[in-house]
Every structure is written in C-alpha cells, then in structure tokens.
Amino acid sequence: MSGAIWSGQVCKDYPECCNKNICASNISHYSPLCVMPVNGTFAVMAELKVGYESANITDPEYLADMYLYHNEQVGKMAQAETLADCTGQTSGMLCRCHLDLMWSNDVCQDHPDCCNQPDCLAPNVADKVPLCVPETPAELRGSIRLSSPWTLAELENRVQGVFQKMSGYNKSVVKLSNDKMTAAFNVTLVAPFTVTQLAVPIEELKANLTSTITVEVKARATMTIVRNQSEETAKSREKRSLEETWESHTLSCDIEDSLDRCDWSVQSHGDDEDFVVANGQQANLQCKQNGYQSTTATLVLTNPDDIWSGRYTCAFRDGSISYTATGVLDLPPTPHINLESDPDNVDCSSSTNKQIISINCSVTPHSDLYEFHFEDPENVLDDKNNVPVSNDSYAILKGYVLCKNAGDEFHTTCKVTYNNTSEYTKELTVPIITSKDSFCGADGEWPKTEVGLNATRGCEPGRVGQKNRTCAGKDKWGPVRNYCTREDIATLQNEAENLAKGFGVTPERVSDIFNDMKNVTNTNCSATLGDVIDLINTLDLMEDVSTNFTINDNSDIQNYVDSSSNILSLHWSDTAEINQTLSAKFLKAVEGLTQNIDVNQSTTMFKATNLILQEGCEHEATCSRNLLGMKLQTSSSLLRALAVERLTAWLPTEPNSVSSSNAMVVVLGNCTTKMEATVTIDFPLTQKRKHNHKVICVQWLRDVGKWEPKGCEWTHTDDDHAKCVCEIAPGPLEQAQGRRSGRRVVTLSALMSRGPVDIPGLVVVSSVGLGVSICSLIVFLAIEGLLWKMVAKTKLSHFRHTALVNISLFLLLANCVFLMSFLDLPEPFCLVSVLAKHFLYLAMFFWMLCLSIVLLHKIIFMFQPLRAQVFFILSAVTGYVCPLLTVAVAYVYYDILADGSDPSFSYHDPETCWLVYNGMWKGSLLTFVVPVGVITVTNLFSIVIVSVTLMRPAVSSEGKVDEKDTAKSVLRVIVILSPIFGVTWALGFGVFLLDVYDGTAWMLVNYAFTILNTLQGFFILVTGCVGETKVREEFVKRFKLFKYERTASVMSQSSSTSIQKK
C-alpha cells in the first residue's frame, strides 16, 4: 500500500527489511503485512490502494475490521469506502472515480488527456495518491501587468489554455484595460490544489505573456473567531469599569498546504480601506506549519478597542500567490466617560443652607444605544432628577446638598450600559468646603478650592484636555498647569496609538506620522505642557512601533531627528519633577528608535538643531566620530551614534551632582552575549570645572531611570573637557533592551559634583583641631593677661607680645566663626560669616607681618631701636586698616559692582560659605591668597635671616662655634616662629596647585594643611608659653607665689582659730 510501512511482526522477524521499500524474504503469509504509520492517539483518514485479486477482497467494508500495527497494535480502521476502481488494460490502467470525485491535479499534470474526463486510461495512473479528490470550489482573482499590448481574445485563450490543464477547471473571465497594458482575470476551480500545482500554470502564463502576475485565491482557507474570557467572567457576567480588561479574541485561519507567510488585514465597518494588522500592543500574529501539508495563521487581539471591529482577511502567501479567507468581528464601542460636577465643589463655608449641584455624565463617541444610571451611595443629594438625553449621549443628575448635614466630600457613580450588553462605570468625588476648612478664594476663572485640592477648567476652542491649578495654602494658588493640547497634536497621538496597537502599520502611515510630527513641532506657536506631553507620548509610541516594524526610509529618519530636536526646543515645564519624568521618557524613545532603525548607507548623517545622528563603522573593529564637539571612539563595531543637546539638564541627577555636558546615545553592532565593549568619549563641559570638583562619567539605566557611574572612569584633560572611558558589559539589562539581533544601546554623559569633593574624615579632623585650637588660644590669652607686666617690660618684648596677643585674638575669633560655618548657615548669615572670616584671618596675617617687621628691624638695625610711637602707628595701619580695606574692596568689586551675568563672578559661594575660586588667578579668593602669600614669603624671609644670623659667630667669640648648638638654635627658631609667622599656611599653595584628579598626593596635602592649621592655636600656646623661657619662668614664679600665699592664708586662718578656742 502506498504510504504504508511493514508491520511490526515483519520488522521483528526480518529486521533487514524494516524501513526499506522492498523485502526479498518470504513474508507474503504475514497478516497484516503492511500498516499505516501513526503517532499518538488520533483519527486517521487515508487513501489505500488495494489489489483485490491478491488480497481477495470484494467489499471495502472488510477493511473496517483491519488493525493498524507499528511494532504493536496501535489502532483499528473505523470505516472504508471505495473512492476509485481500476482495471488492467493492454495500454495501461483504466480508472474511474466514484462518489462524484474528480481526478487530482497530480493526475492532470502527468496525464493531461484525462483531466476533467470521467475515465482515465494511462500507464501507472493507479499509483497516484491521491487519485481522486472531492469538489472544492475556489475562485482565483489575478492581475496581469503586460510588457506590451495584447488583445482581449489573445489573453482569454492564453488564460484558458493554462488553467484548463488543472483538475476541476470550470471557467475563466478576462478584462483588459483601455491601454491594453493591464488585465484582470477570474478563474473558477472546483478541485483542491496546492501552491506548487497552482504555480505551474501561473509560471507558464508569465512566460507566454512576458508579464508580472499576482493571484489571490478565495475559499481555500477557512477562518474561525473565538472570544476568550477570564474564568471569573465566564462564571458570571460581572459589570466592569473602564479600567478593567478581561477579554481577548482569537482569529484562526487554516489551509491544507505548507506556507510560511501569513498576513492579516481588517476593513472597519463603513470604511472601504483595508488596514494592515501587525504585531503590537493589542495584536499578536503567528504563522505555524502543522505538518501534513497544513498551515495555521493566528491573530490574538488582547483587550481590543472598537477600532478592531470589522471584516478580517487572512492571506497565506507564496510569491505572487495568496490564499485568503474572511470573517467578521463585532466589538462594542470603547466609550470615554466624562463625569464632572457643576460647580466643582460644594461651598458650605459660609452657609448652612442647601447648595444646588449638577452631575454631568457624557460619553464619546456618540451613540443612541447608551443608557445612563446614577448612584448616590451616601444619599447626600436630595431632589434627584435623572435626565438622560440619549441622542447626545449624556445625562444630568440635578439636586442639592444640605450643608448642615454635609461631610468633607461625597461620591457618585455614573453607569453607562451599551445596548444592554456591556456596562461601564466611572466614579466622581465632589469636595465639600466647610467653615473649618482652609481654602483659596476665587481667582478669575478659578473657583474657591479647598487647600490641597486641584481646580480644573476647560480648554479654549481648538484644544482638548484641561487646565488645573492647585490650592497650595490658604489663599495661595499654585501655578496653572496647562494640559490643553492642540487638536492636530492629539489626533497625531491617536494615530500613533493605533499603530502601536498593531492597527494599520504600513510604511506610508509610518512616514505620515513622522512627517506630521515634524510639521506640528516646526511652528512659531507657543506650546503648552499638554502639547509637550502628547508629542513625547507620540515619539514613545513610535518607538514601540519600531520594535516590530523596520524603519529604513531616510526621509522618515530625518523627520524623526527634526521632530525630536524641535521637541527639545519647546518650553516644557517650570517644575523639575515633571521635566525629569518627561525627559526620561523622551530619552527612552530616542534610544529605542536609534537602536531599531536601519539607515540606508548612502546617507550617513542626519542633522538638526539639538540632535545629530551619524552612522558608524559597523564592520570595523574600532570607530571614531565627532558630534556636537563630543569625540567618540569605540573598541567594538559602532552601528550609529546620536548626540543630544539640552536633554541632560532635565534628566534626574543625584543630589550631589549636576549636569555638565550633553548626552551621547551609542548603538553597538555585532555584539555577542559575552562580549564587552570599551567606549571613550571626550565631552565638552557646559560649565568650566571648578577646583576640587569631580567629573562623574555615567551611563543611563533605562529601566530604573537614573544615571549610573558603574563601569565608567574620568580621565582629566583640562577644565573645559571631560574624557570618559566606559566598559559596557552585556549584562541582562542591555540584552533585554536589544530590539535587533546583535545590537546594544547605551547613553553616556558627564556630570559634575555639586560642590568640592569631600575628603573622608576631613570635617571631623577640622572640627577637633579647631576645638583644640580655640581652647589653647583662650589659655594663651589668659596667661598673657596674667603675666603681661612681667613679660612685657622692655620695648622689644612689649612689641612682640602685643603682636602675639592680636594674632591669637584674631585667630580665636576666626576659628569660632569658621566652626559655625559647618552649620549650613542661610543667607545673609553665610555672607556675614564670609566677611568675618575674610577680615579676621587677614588681620591675623597682617599682625604676623608686623611681628616679622619688628624682628627684621632688630636684626638689621641693631643699634637703632624702633620707637614705640612708630610701632603702634605701623601696627594699627597694618593690622587693622589694611585687612579692612582689602575686604571692603573685594566685596564692592565682586558683589556690588558685578552685573550678575556670570554667577561664578561673585564674592562668596553660598554652598561653602567661603570665597569663590574659579581656577588659577580667578575668583574672589585671590583677595585672600595674594596677601597671605606675600606675608608668608616675607615671614619665611625673616626666618631665614634669623637663622643665618644665628649661624654667624659673634665678633668677640674665640675659637670655633659648636655646630650642634647652632643647629639646635636654628631649629628652635624655626619651630617657635613657624606657627607665629603662619609658615604652615604655605601648604595652602599645594592645596591650590593640586586637584582632585591628583589622587593620593592631593589627599595627603589636604590632610597636612588641615591638621597643621587647625592646630595653629595649640602650636602658639606651646611655642609662646611653654617654649619661651621668660614666660615659663614667670609662670612658675607666679604659680609658686600663688601657692605660697594660699598656704600662708590657710596657716593664718588656723592660728586664729586656735587662739579663739583658748
């Protein structure tokens, strides 16, 4: 039997025959000898060829008792009928079909004379399987595009000549256009055929006419439509609100042929246009070959809108041949319910009487099949009057609220029933303002509103949506948020929504969306927040479309770049939170679109004001590009790059960082799941990097909506640029985002630390050091006051201790103010503290200069002592007037005379409560650094002069001077004079010369500077009191005298007590 295999018993006894067509062994006695192959448990319909003489079978009903075997018994025939009978003739086999069957197309192709005839006499005709087939009417509709003119008669002859060779040919009709260059034909066949069999006459007709032919076959495929419901809905038809979705529809098409391309289209009710159906948010398409020459096309519509109502056509295609089936799907309309009250709230703040209110419920799109019902569960409204007006699709509930019984709010529900089948609900909460509530008074069109609630107003003609305004506090209205959208922008978003759902996705409609988006954004009209939101939503929806539809037209890509750039040029919002949300959504859209598009290689760059898209070097190991001043280089194949301006200023950043550059969207190609890529970008900074401010190289994490520095490092080049090197790993996040095979997208940028980089523990060290220094200075000043007469007897000592007291006093006050700066002082206290610190520290240094001058004068003019009057005039001018003038001039120059155009040109920095430093020789800090630097150098010079003087032998000295004693004397001078002369402040030059990118050296210098200078007061106490012999001796004497006097006083009191007792 054709298609049969040896039975299981034959295979068991003669394994050499198994799986072979011929068996030479003596097996004719086996019963059964052959069996039909089957798998699983199912019914089998097959055509068997039986030799009656050899099997001695006279009735086909005998076959009904035959068992099917494959190694074991697997089934039994249920029914058998005779489809054809054949008898041997001299010239071949004479066969005739039974049961009104006709010859199969295999018979017609091999034996054309038999086609459409009742009998067939031909060699081996009985071997054809299938031999006979039932009538299956099918209509072929074709179109012909001719290369040269033909007559109608010639075309009819050619069409009939090729198709009458097919089994079941019935008739053909041909229509020729007026120019005789195109024609249409209809052919009716009543026998089943396959794509391969139909391709034979079509290819022959193409060759005969030298033409292009397309054919659509009706009635070969079958369509079924199934509505799927959730288990809960199937049990009970519960009513649903607008937010609830619970059903889907499955449309299936089947054809008994093996095809690999399935297309769907839908024609909406009342519309002649066919809309292509593609994969999308609500549509899922599958085309599956089932084996046994059958194919199934499935369309699943999940929570479909009413746009999906209409006549569906599924088409199985093979080249120019398509097999179609149609079906109708009716869906209830998807209503938009608008429920509002008039007025917006019930005002019971100044009255206990009843307040009239109307609840308006309207539905779009309009229909006279809606029924309305209101619910007032709290029974607040009295004199209810439900007035549905069906022809306009709205209803009104009128009543009044009794203020004396009113609460804070009441709720009402509008239920809308469509054609007694589908029910939709929407709830409304109406606030009630009582005398206890705080509120904002009416302001123009804005009604009285309770604090914390929003008031809403309608839009002007030509716009849809609403405006709202929040009552932020008592009689304190917030800004108006205008969510009114232009009608053309709203229509554009609706069209993009349909494409994203999978409805009507064609290259022409995609081009229209991008072209219209460019036109609506390229306008001089001011945009509202609603316009911006809808435009970004449209861009995001087109990103969804691009995941299933290839966008490769260069004009579409240019329109995408232009419209995106135009959106960035619009004014978005004055609220940072709104801008952050919109910018993250905008970046997600441009990332996806840039990743998914396929650029025609003839065009490599698309330019706009705020965006530049450039193709990369897909087949090269490394690639370099320069966009908007950003220099890009990759170690992996660069597919394309997109430079974006302005966006990073709106994207959310960490609290301690700010945006400082534009963004670069990089799409890498030829990626594997294990391959890492190195991306290097030199970013021009939008603001010059300040000293000790760190650049943070980051990449955007789309799923969490934030910048992430992981894998990126900053390399310093100069303060106007930031070089970022990022290792892009192919982890789960990047792989999941890949919408095209082997592509990976990443967005990179550079942020700036909001303030100078904090060194770990430096604040603690400063606080402890300042505390120790303040206590030490208090002790030092107390000792100076206690021993002043003893230690300041001579002119020189008087001058020296006067300077020391002023140095200590100004340092004490400066340290106290500096310690207060750690409290994050608000303005104007921050400015006052800066002025105080500036003056006090400068006064300390100028008094150090006075002391240094006195010391130099003593050494240089040894026999000309400095007069007291000269010293006090010099010290008063130098120690008080000079620092005061310096501070005053600096403040006037940097704050009062500044025009405010440059924020960095300011006297003080409110974030650090200190002077401004904008780089070498820039900023108000120069008015502190330059005087301190000059004084420190002068004081160092004084120390050197003193040291040199000590190393020279005295004129009266005899013999050599002990070098160890000299070295000790010099070291003692350096140790004593360094804190008094502020030598440790010289480390400040290292602090300014080194920057955060210097790493360990920068940290060590900052630690050393902080420790030495915060402990300066302690060093002054040690060197000025403990280290000075005169002060130490006088302090000891004073202490002994105090102890002696106290002892004498105690003894005197004891003696007096004894005498009294006697």
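The model is predicted. A sheet of 3 strands is open and antiparallel. Two helix pairs, α7 with α8 and α14 with α21, are each roughly antiparallel. A search of the whole structure finds 13 disulfides.

**Sheet β5-β6-β8**

- The strands of the open sheet follow the order β5-β6-β8, with antiparallel pairing.
- β5 (84–89) and β8 (119–122) are the edge strands, and each of them pairs on one side only.
- From one strand to the next, the twist averages 20°.
- Strand β6 spans residues 92–97 and pairs with β5 in the antiparallel sense over 6 bridges.
- Ala-84 has Cys-97 of β6 as its bridge partner.
- As a general point, the strands of a sheet pair through backbone hydrogen bonds, in either a parallel or an antiparallel arrangement.

**Disulfides**

- The count for the whole structure is 13 disulfides.
- The link of Cys-114 and Cys-120 is right-handed, with 70° about the S-S bond.

**Helix pair α7 and α8**

- Helix α7 covers residues 487–501 and helix α8 covers residues 507–521; they pack at an angle of about 155°, and their axes are 10 Å apart.
- Angles over 145 degrees count as roughly antiparallel, and α7 and α8 are therefore roughly antiparallel to each other.
- α7 and α8 cross in the left-handed sense.
- On the α7 side, the contact involves Asp-488, Ile-489, Leu-492, Glu-495, Ala-496 and Leu-499.
- These residues meet Arg-509, Val-510, Ile-513, Asp-516, Met-517 and Val-520 in α8.
- The contact of α7 with α8 has 8 nonpolar and 4 charged residues, and no polar ones.

**Helix pair α14 and α21**

- Helix α14 (residues 795–820) and helix α21 (residues 1016–1026) have axes that come within 10 Å and cross at roughly 155°.
- α14 and α21 are therefore roughly antiparallel to each other.
- The crossing in which α14 passes α21 is left-handed.
- α14 contributes Ile-807, Ser-808 and Leu-811 to the contact, while α21 contributes Gln-1016, Gly-1017 and Ile-1020.
- By class, the residues of the contact of α14 with α21 are 3 nonpolar and 3 polar, with no charged residues.

Notes: Residues numbered from 1 in each chain as written. Predicted model: local features only at pLDDT ≥ 70, side-chain atom pairs only at ≥ 80, totals over all residues. Heavy atoms only, no water. Pairing = 2+ DSSP bridges. Helix = DSSP H or I, 4+ residues; strand = E, 2+ residues; numbered from the N terminus. Axes fitted to C-alpha atoms, helices over the stretch in contact; angles between N-to-C directions. Parallel < 35°, antiparallel > 145°, perpendicular 65-115°, else oblique. Left-handed = near helix turned anticlockwise from the far one by under 90°. Contact = heavy atoms within 4.5 Å. Nonpolar A, V, L, I, M, F, W, Y, C, P; charged D, E, K, R; others polar. Disulfide = S-S within 2.5 Å.
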